[in-house]
Amino acid sequence: MNPVKLVIPAVAAALLLPSLAEAQGPGSPQERFALFTSCGPMNMEVFVTNSGGAGGITRESVEAMTTSRLREARIYAQADQPAWALLRVTVFIGTQAVPGRAAQTVYIIRLRFMKLVYDQLSDPQLAANPGRLSSDSLGAALQWIHWAPTWESPRPAIGFYGGRRDDVITSKIGTMLEEFVTEYLRVNGDSCP
């Protein structure tokens, strides 16, 4: 499928974001900027670096957990579906050498929510012609639309693995996904199914 065909609808939706945010959505302006998408579907990216012995924690397993939770909340976009929001899940598991002690296996988990954001101030076409962009100018505006992180987990999960079962890390990922989805659905309010 042609990626441009997927981006144009996403760009059109991104340009409408300010008016949609004003129309509905509880929360402060900061919360709405961070998480409000009119409950549109989101894509995801999962990055897993695992050199610490937690064999069950793979990109595939974390991707399956994330997909399942987003589908359950009805906010998951299929790979070929245009979306202007993205949830990035990053998991790092590695061994840290500690002088005079046995090596420790540490884990770090972070969630980051990204949105397509229109940079009005840098767009010379809008500066020359303040007011709404027409559909003819959407193609020109594409260079001023970028993925930007608007929300991230308040505290990344950091801990020692210590040879325990993988479900310790899996449980942390699940808890963080649940916190994100709860916050996202709260901010998007009545827009969600």
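The following questions and answers concern a predicted model of a protein.

Residues are numbered from 1 along each chain as its sequence is written, and side-chain values use heavy atoms, without hydrogens and water. Because the model is predicted, local features need pLDDT of at least 70 and side-chain atom pairs count only at pLDDT 80 or more, while totals for chains, interfaces and linings use all residues.

Reader: Which residue forms a disulfide with Cys 39?
Author: A disulfide is a covalent bond between the sulfur atoms of two cysteines. The rule applied here asks for a pair of cysteine sulfur atoms within 2.5 Å. The sulfur atom of Cys 39 has its partner 2.0 Å away, and that partner is Cys 192.

Reader: How many residues apart in sequence are the parts that Cys 39 and Cys 192 tie together?
Author: Helices (H or I, at least four residues) and strands (E, at least two) are DSSP runs, numbered from the N terminus. Cys 39 lies in the loop between α2 (29–35) and β1 (43–50), and Cys 192 in the segment after α6 (167–188), so the parts tied together are separated in sequence by 153 residues.

Reader: Is Cys 39 buried or exposed?
Author: Buried means under 20% relative accessible area, exposed over 50%, and partly exposed in between (1.4 Å probe, protein chains only). Cys 192 is buried, and Cys 39 is likewise buried.

Reader: What is the relative accessible area of Gln 143?
Author: Gln 143 sits in the loop between α5 (138–141) and β4 (145–152). This residue is exposed, because its relative accessible area is 53%.
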